[in-house]
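Please have a look at the model first, and then we will go through it together.

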Amino acid sequence: MTRNLARSETLLKFYPKAYRQERGEEIVATLQEAAEARVPRFSASDQLSVVWHGLRVRLGLTTETMFGKALDLAAIPDLVTGAFFGLYLIISGDLPVVSSRFFYPRFGPFLTVGPLLYLVWIIGVGAVFEWPQFRRRIAAICMALTLSGEIAAKVIHRNPNMWEIAILLSLGLPSLLAPTVSVTRRRLLLSLAVGFCSVAILFFTTRPLNSRGFFNSFYWSGTYEIVRRLPYVDLLLIALFMTLWFAKRREIASAMVILSSPWIVVGVVYPLTLPYLQINALNVVALVIWSIAIVSMVTTSRYRPQPHSSIELTQ
């Protein structure tokens, strides 16, 4: 029992101090009861559960915080955006063939495993709309299949562009981080609208049409076009975020920042990997403001002690 008590005290350190002071005794008592009901000792699942919940409380990823609520708002729309993005990549990435005499036609139907990876997201979104309470598991499966498929395809040189895959994977992160709520809404119309608008912006700003009039694959120049043209869209979204933030619509503003995160981050990280490509100053401005917004969301979502309500008894 002494050993279990010491282990409980160690596990409590994963929680913020205010939470430990408020509910630490309750957590220790629950762990002791669970241990006595088994062997008696803590199971690995009990310890992992406490650690995971402690980290979520410390990072503000709970249903009581603004950050957690924003992640919940962005989770399913981001998955739908992933499905729309995958469909867009099938049409503009895998189907066109480079027809310039200066390049060997390395892209085309079925020459990458991209369509199979994107189909995973399309099916996954259908499953999320049917069983929204399992969105975290579905997102984890989609991300795992996509990552393993990209790695396997790279061995046989049939992998899609890694940057598009990175964007796709990041679109599943909100569903992994969002808190589990008792009633998970499908948000069908909102999610479809977000996914459609995202692809519409990509289509009108990154159409893979080169100067010779040939349609080349999005894998060839799509990420470059994202870096070159989307900063203006990012700054518009950030201006809208600041307006909503100061108008006290902070959950919606935070969800919008989360939805735009992959494109803002790639806008700066991608040029760093290419020595001949200069970083757009607007991309840096967007990333700085995005970083400030993320820090603001996390810091304002830190756990604070709940005020104890006084109960007056009347005769």
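Phe 85 and Trp 263 are both buried, and I begin with them while reminding you that what you see is a predicted model. By the rule used here, there are 4 aromatic pairs. In one of them, the rings of Phe 85 and Trp 263 have centres 5.4 Å apart and planes at 85°, and the pair is therefore edge-to-face. Phe 85 belongs to helix H4 and Trp 263 to helix H12, so that this pair links distant parts of the chain, 178 residues apart.

A further edge-to-face pair is formed by Tyr 88 and Phe 218, with 5.6 Å from centre to centre and 75° between the planes. Because Tyr 88 lies in helix H4 and Phe 218 in helix H10, which covers residues 218-229, the pair ties together parts that are 130 residues apart in sequence. Tyr 88 counts as buried, at 7% relative accessibility, and Phe 218 is buried too, with a relative accessible area of 0%.

Let me turn now to the helices themselves. How do the axes of H4 and H12 cross, and at roughly what angle? Helix H4, residues 66-94, and helix H12, residues 250-272, have axes that come within 8 Å and cross at roughly 40°, and the two are therefore oblique to each other. The crossing in which H4 passes H12 is right-handed. On the H4 side the contact includes Met 66, Phe 67, Leu 71, Pro 77 and Phe 85, and these and others meet a set in H12 that includes Arg 250, Ile 252, Ile 258, Leu 259 and Trp 263. The residues of this contact of H4 with H12 divide into 13 nonpolar, 1 polar and 4 charged.

Helix H12 also meets helix H11, residues 231-246, and here the axes come within 8 Å and cross at roughly 160°, which means that H11 is roughly antiparallel to H12. H11 passes H12 in a left-handed crossing. The contact is made by residues of H11 including Asp 234, Leu 237, Phe 241 and Trp 245, together with residues of H12 among them Arg 250, Ala 253, Val 257, Trp 263 and Ile 264. For the contact of H11 with H12, the division is 11 nonpolar, 2 polar and 2 charged residues.

How values were computed. Residues are numbered from 1 along each chain as its sequence is written. This is a predicted model: local features need pLDDT of at least 70, side-chain atom pairs count only at pLDDT 80 or more; totals for chains, interfaces and linings use all residues. Side-chain values use heavy atoms; hydrogens and water are left out. Axes are lines fitted to C-alpha atoms, for helices over the stretch in contact, and angles run from 0 to 180 degrees between N-to-C directions. Helices (H or I, at least four residues) and strands (E, at least two) are DSSP runs, numbered from the N terminus. Angles under 35 degrees count as roughly parallel, over 145 as roughly antiparallel, 65 to 115 as roughly perpendicular and the rest as oblique. A crossing is left-handed if the near helix is turned anticlockwise from the far one by less than a right angle, and right-handed if clockwise. Contact means heavy atoms within 4.5 Å. Ala, Val, Leu, Ile, Met, Phe, Trp, Tyr, Cys and Pro count as nonpolar, Asp, Glu, Lys and Arg as charged, and the others, Gly among them, as polar. Rings of Phe, Tyr and Trp (its six-membered ring) pair if their centres lie within 6.5 Å; planes under 30 degrees apart count as stacked, over 60 as edge-to-face and the rest as tilted. Buried means under 20% relative accessible area, exposed over 50%, partly exposed in between (1.4 Å probe, protein chains only).
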